[in-house]
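Hi there,

Here is the structure I promised to pass on to you. Have a look at it first, and then read on for my notes.

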Amino acid sequence: MGSPSPPGAPSRWLSPTAANVAVARRFVRSALSGVPPDMVDTAELLVGELVTNAVLHARTEIETRAWVTEGRVHVRVSDLRPDRGLVPHDRHPYACTGRGLALVEELSTSHGAHSGEDRKTVWFELWLDAPAPPTSAWETLAPSDDTVSVALSDVPYALYWAAQQQWEGLLRELFLAMPAAVGVAGNGAGRVAARVGAEGAGVESVGAESVGAGAVGACAAGLRGGAEPGEAGAEPDEAGPDSDWAGPERGWAGPVPDWAGVPPEDLVMAQDMSDVICASMTAAVEQETPDSSTLSLLVAFPKHAVPAVRTLRRVLDEADAAAQQGSLLVLPSLPQIRAFRHWLLDQIADQLEGGHPTAWTLVPGAPSDTPTDLAPWDASEVEASTVPTIAADDRNRIIGVNASAASLLGWDAHDLVGKRLTVLMPEHLRGRHTAAFTSLLLTGVPRILGRSIPVPALHRDGRVVPVRLRIETQESIDGRTVFVAQLTARTAPSAPSAPSRDPSDRRHTTRPAPGPVHLPTTRKKTRQANFDRSAPEWLPVFAETGRAMASAHDVEEVLRRVCHVLTQGLADWCAADLFDEAGHLKRVCVVHRDPRVHVSGEHLGMLPPVSEATQGSLPRVLRGAGPLLLTLTPPRGRAQSPLEARQLELVEELGGRSAVVAPLRAHREILGALTLVRIRDEHPFTKEDVPQIGDLVRSIALGVDSARLHRHIRSTAEELQRALLPELPRTGQLQMAARYVPSSTTAEVGGDWYDAFTLPGGDTALVIGDVSGHDLRAAVAMSALRNMLRGLAVDGEEPPGDVLRRLDLATHTLDPQATATCVYGLIKGQEGGPWDLYHSSAGHLPPLLTTQDGETRYLDEGRGMLIGMDPGLPRHSACDALPPHSTLLLFTDGLIERRGESLDDAMARLSRHAAAHARAPLDVFCDELIIKFGADNTDDVALLALRPTP
């Protein structure tokens, strides 16, 4: 227990109130006169941590002692609940709770805890010439035998840690907002412990405050009405053994209020049960060496804890509601955290009552994310992805961005890290984003999470890049929530690529200090792969590999995710090589299971060519041999070809005792190769592994082949769509803007189109149309129809109805099976106005006219049958005046049609939204419509807007 306190050592008895954290800090500073200032500062910080935890968890009278002997500082913090042991939290760099004991471990020379018959003491010492501090010296109490084992299956550890962090924050803030509750704890601690069933299993979660918790506690006390020592109201909170407030059996003087719907005794029970759950879960995780994102745990809980668990669930929900209303200084739970917390507490209570377990992965409809998608966030995942990806934290700052996203938007990746996310948004969307992001954090109600939203992004040079945005949340193992956004260019020319850099330039890295977050290792075991080669152990590898391939469409992204899976339980590191369309061999990824191992960028990229004469294991596999087992690695100097030399360089850098090189073969074509390497002599690959690895890599090759096909189709569709989108004419006082958004569920091309061009006579032609179908065939038919309409319009410069009649006849003659809708309009008028719209419709939705004052009406005259129905029917033209600064909108049905909604309601909704933005700039007007109506669209969307501006 460290050095015994000398007779007459200064001590101070304090009641368990938040304001007395500051009193304890002030007492220690006064007791350590003559000690170097930095040691006093450290002692003051650490005593603040320990007293804060005693206030929150022990809730009894607290004695603080401090003295100096031979230049060494000694501090003791005692409470009167020896039955409540300590629960040191796993250390995570961004954790908002659980840092108290971690700070003591890191900053003190020596530390420990001791439980006697009537008190528990936590102590630390500071020496001037200090040896290295011990890793841990905490005394913890094991659960009693009166427990029941609860099966918690498929627990995503990152989500559990985030949920625990969040509910501890809720309880802490609720406690600080209701200071009278601590009196009830003192009055009825024994009764509460009995109700929880924790007399033998009770624990004190020391370390529940954030860095500088003593200061935080003091600030919180000030916010709640507490006072600093020496101020009015401070001294009565202090107590000694002979005072009226003499210990845990004396109650709080005065009435006990009921705050936020939570009776104080329920808060006490909830806090104690939270400590029990955290301790039990920590003990269960200590028995694991988790190498995946999910754990299946058997956790011991007190047998009679059901009422306390139900109380904890109710208290947390009520605290969450108070946080949403802004009544607590903590953010409310995000949807997935709230869903997981409910599942966890319900599982504990139900199984303690004899119910059957339900795995988290079987929970239907978890908000925002499906349970299987939740995994620890890792900055390297973002960096290595070939899909344009940006990650932001809950402060709206970019914490990770890959080269694809940076290149798309004209930045260098390292320049974006640390900037606010709004730097990538046009000015008119920044306020909306900030309001929506704040609303999400305050209410926990998502609006766009998990949805595909077409939005304009801001290029660094100021131009707008149309993208489709999909945001998911991921729970970091350190308790943060990370927002990961994937960007898909919407049939617009890509931004110029960022300048290439030398591979040795490390500024491309975006990983924030202290590095990527990975699953924890226990303090008792070292993390080591399970290389058991028994048949059942292969099944999870096949399953995880299949999920990895299904989670991405990009070829290199598929291989990177597959290699990540293979390094979790099959190999120490893995390399993937792939032939490109020109037949050149490229190393697309090298993944090591230890995140601390850096793989030099010089090992990636183009490899030496493969010929019939090229020697070595990798060339043999790429020519059709394999899979090959390698147990002897020749030195690099004995390489028989440049390609083998590159392979041996990689093995020399990362290590390797045995390896299997397997071909990625699909449909009799060699696509590339996978190299799996183990670096330990104790667990080498053997010939028994080769057949299973061969089967596994064959299935991976099929996934790679599918991803290549998907990329080819998508690339073809995007190129075709870009070729079909016209450049809008510059017509002086007639402003024009257009948008095209392909379906989020089909190919990146379809039958919708818009067009605008100037006729020889000076009139401006406007076209919007939709060919039936949502594939390449529809796009080809659309292209033919568009070009015919252009030719007919220029040839005769006839009224719109006559032009559509001739188009109908031509279509019926050349492609009798084709049908389409279309609006063709002509803008006529003198320079400076007024202007008139002459228009005719072939079965298409009518144009919408919105005046500058927000009045709207649909121009539904001039209606006729679809193109391709009956070319003999007459078609009529209509004429409508275009007031100055009004907005004419032509659009396809994909903008407004939604399943379950009538067309009249959809058109009314569009009218209201257009009226709300009648005075917005035309580009903003179009963007607002696309954002409002283009999310998760199952049909293509095309719109063309025109505004006369005399």
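Which residue takes a positive phi just after α2? That residue is R59, with a phi of about 60°. Please keep in mind as you read that this is a predicted model.

Let's stay with α2 for a moment. This helix covers residues 37-58, which makes 22 residues. From its first C-alpha to its last it reaches 30 Å, close to the 32 Å expected at 1.5 Å a residue. Of its 22 residues, 17 are buried, so α2 is largely enclosed by the rest of the structure.

Next, a pair of helices. α8 (residues 306-324) packs with α9 (residues 335-352) at an angle of about 165°, and their axes are 8 Å apart. Because of that angle, α8 is roughly antiparallel to α9; the cut-off for this is an angle over 145 degrees. The crossing of α8 past α9 is left-handed. On the α8 side, the residues making the contact include V309, L312, R313 and L316, while α9 contributes R341, L345, D346 and I348, among others. Sorted by class, the contact has eight nonpolar, two polar and eight charged residues.

Now find α13, at residues 427-443. It has 17 residues and spans 25 Å from first C-alpha to last, close to the 24 Å expected at 1.5 Å a residue. Its buried residues are L429, H433, F437, S439, L440 and L441. What do they pack against? Their partners are β12 (452-458), β14 (481-489) and α22 (922-933).

Two loop residues are also worth a look.

- A935 lies in the loop between α22 and β31 (941-948). It has a relative accessible area of 9%, so A935 counts as buried, the cut-off being under 20%. Leaving out residues up to four places away in sequence, A935 touches R451, S452, I453, P454, R898 and I930. A935 and V455 are 480 residues apart in sequence, yet 9.3 Å apart in space, C-alpha to C-alpha.
- Q830 sits in the loop between β24 (820-829) and β25 (835-842). Is Q830 buried or exposed? Its relative accessibility is 61%, so Q830 counts as exposed; the cut-off here is over 50%. Q830 and D763 are 67 residues apart in sequence and 9.8 Å apart in space, C-alpha to C-alpha.

Best wishes

Definitions and conventions:
Residues are numbered from 1 along each chain as its sequence is written. This is a predicted model: local features need pLDDT of at least 70, side-chain atom pairs count only at pLDDT 80 or more; totals for chains, interfaces and linings use all residues. Side-chain values use heavy atoms; hydrogens and water are left out. Axes are lines fitted to C-alpha atoms, for helices over the stretch in contact, and angles run from 0 to 180 degrees between N-to-C directions. Helices (H or I, at least four residues) and strands (E, at least two) are DSSP runs, numbered from the N terminus. Angles under 35 degrees count as roughly parallel, over 145 as roughly antiparallel, 65 to 115 as roughly perpendicular and the rest as oblique. A crossing is left-handed if the near helix is turned anticlockwise from the far one by less than a right angle, and right-handed if clockwise. Contact means heavy atoms within 4.5 Å. Ala, Val, Leu, Ile, Met, Phe, Trp, Tyr, Cys and Pro count as nonpolar, Asp, Glu, Lys and Arg as charged, and the others, Gly among them, as polar. The expected span of a helix is 1.5 Å times one less than its number of residues. Buried means under 20% relative accessible area, exposed over 50%, partly exposed in between (1.4 Å probe, protein chains only).
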